[in-house]
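Hi,

Here is the structure I said I'd pass along.

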Amino acid sequence: MEDPRLYKLAKVLVDYSTAVRPGEEVRIAGSFVARPLMVAVYRAVLEAGAHPLADVFFEDGAWLKLEYAGDDQLRFEDPISLYMIERINVSITLLGSENTRALSTYDPAKQALLNKATERRFRRLLERAARGELRWVVTQFPCPAAAQDAHMSLNAYERFVFSAGMLHLDDPIAFWRRLSEQQERMVDFLSRVQELRFVTPQGTDLRVMVTNRRWINCDGKENFPDGEVFTGPVEEATEGTFVASFPAIHQGRQVDGIRLRFRDGRVVEASATRGEAFLHAMLDQDEGARFVGEIALGTNYGVRQYTQNTLFDEKIGGTFHLALGAAYPETGATNKSALHWDLVCDLREGGQVYADGQLIAHNGRFLHPSWPQPEGHMLP
């Protein structure tokens, strides 16, 4: 039996997030695990008068390559995927895995090579999106492996996923449009700011320059659920210490207790209480991996808990995050890397955010009343 919530999510992705138009070519990417949502999205794309292109992932391919492939095979670029990214109008990616930790025992250096093989495809997606040639969105299918990571039953995780997207509301699109208006006010303010400073009692004291950079209003158009505003900081002007509040997941590997020190924009010291070798392998994969490609403020107060899933964790209302590696070109930032790794810092226990010396957030709450507030997220 089809879950009506999946069709409701599919309609938001097609009609709101990517605004699919008749005649467009729409890539729908996901593993076999996400088949129920892929079916719903395929239907919604057809109803929009467009051409759905199913791109089903072979999930076992990654660990098979790490187990048996040589270096040249690990570096090999998939020409079909690259061709598709060059051609399509819309990309809708459905996250869902049978085993989110399948790659956790493999050599980090090999994983860096595997990551490098997707760099050109990822860069072309960002470049085409920045020019308005391609629209894209990523969402999570609520599957057992993700529920297990979040320490929830599947039923509880389904409620979490759908509530985070405000799909329990009669008109979720109206909610996302209201949030977009609130975040646009944040963007207007932050666009005039030169320096942001983040301070927490847990050890973060980080300054980033954002002069003349464009802030992006993330309102469900590229990630769903969404809820953040971000930019690309000035590449060589990040200074200070960043302490991640939660374990960071990348390529199925978990790294705990990340602590980074920046000088002249670059990570000069990096440590972790678990997974430190993997952290260093990711930082060393190319020159751009040690620079910050993104700085962002989380605004989705409907997401309150850490779930070991960056799609949700980076949106938690009352947090900020930075991404090591590749920047989004539309921000004006230029950093290039095969890496784009989001690390989240919780501001809800004494954290402060300053904009050119002015306190704009305290204890995870914005001081501007017209910006997103916890009371604005009406969860059941």
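Below is what turned up, starting with the cores and ending with the aromatic contacts.

Keep in mind that this is a predicted model. The largest nonpolar core has 49 residues, and the members touching the most others are Val-41, Ile-92, Leu-94 and Tyr-157. Several elements each put at least two residues into this core, among them β1 (25-31), α2 (35-47), β3 (90-95) and α10 (172-190). The largest share comes from α1, with seven residues. There's also a second, separate core of 47 residues, including Leu-206, Phe-242, Phe-262 and Leu-324.

Leaving out residues up to four places away in sequence, Tyr-157 touches Gln-140, Pro-142, Cys-143, Ala-146, Ala-147, Ala-150, Met-152, Asn-309 and Phe-312. Ring pairs also join Tyr-157 into a cluster with Phe-160 and Phe-312.

On aromatics in general, the whole structure has eleven pairs. In the Phe-160/Phe-312 pair, the ring centres sit 5.1 Å apart with the planes at 55°, so this one counts as tilted. Phe-160 belongs to helix α9 and Phe-312 to helix α12, so the pair ties together parts 152 residues apart in sequence. Both Phe-160 and Phe-312 are buried. Elsewhere, Arg-43 lies over the face of Tyr-7, 3.9 Å from the ring centre.

Two residues separate the strands, and Asp-264 in the turn has a positive phi of about 55°.

Cheers

Technical notes: Residues are numbered from 1 along each chain as its sequence is written. This is a predicted model: local features need pLDDT of at least 70, side-chain atom pairs count only at pLDDT 80 or more; totals for chains, interfaces and linings use all residues. Side-chain values use heavy atoms; hydrogens and water are left out. A nonpolar core is a set of buried Ala, Val, Leu, Ile, Met, Phe, Trp, Tyr and Cys residues joined through side-chain atoms within 4.5 Å. Buried means under 20% relative accessible area, exposed over 50%, partly exposed in between (1.4 Å probe, protein chains only). Helices (H or I, at least four residues) and strands (E, at least two) are DSSP runs, numbered from the N terminus. Contact means heavy atoms within 4.5 Å. Two strands pair if DSSP finds at least two bridges between them. Rings of Phe, Tyr and Trp (its six-membered ring) pair if their centres lie within 6.5 Å; planes under 30 degrees apart count as stacked, over 60 as edge-to-face and the rest as tilted. A charge sits over a ring if NZ of Lys or CZ of Arg is within 6 Å of the ring centre and within 35 degrees of the ring normal.
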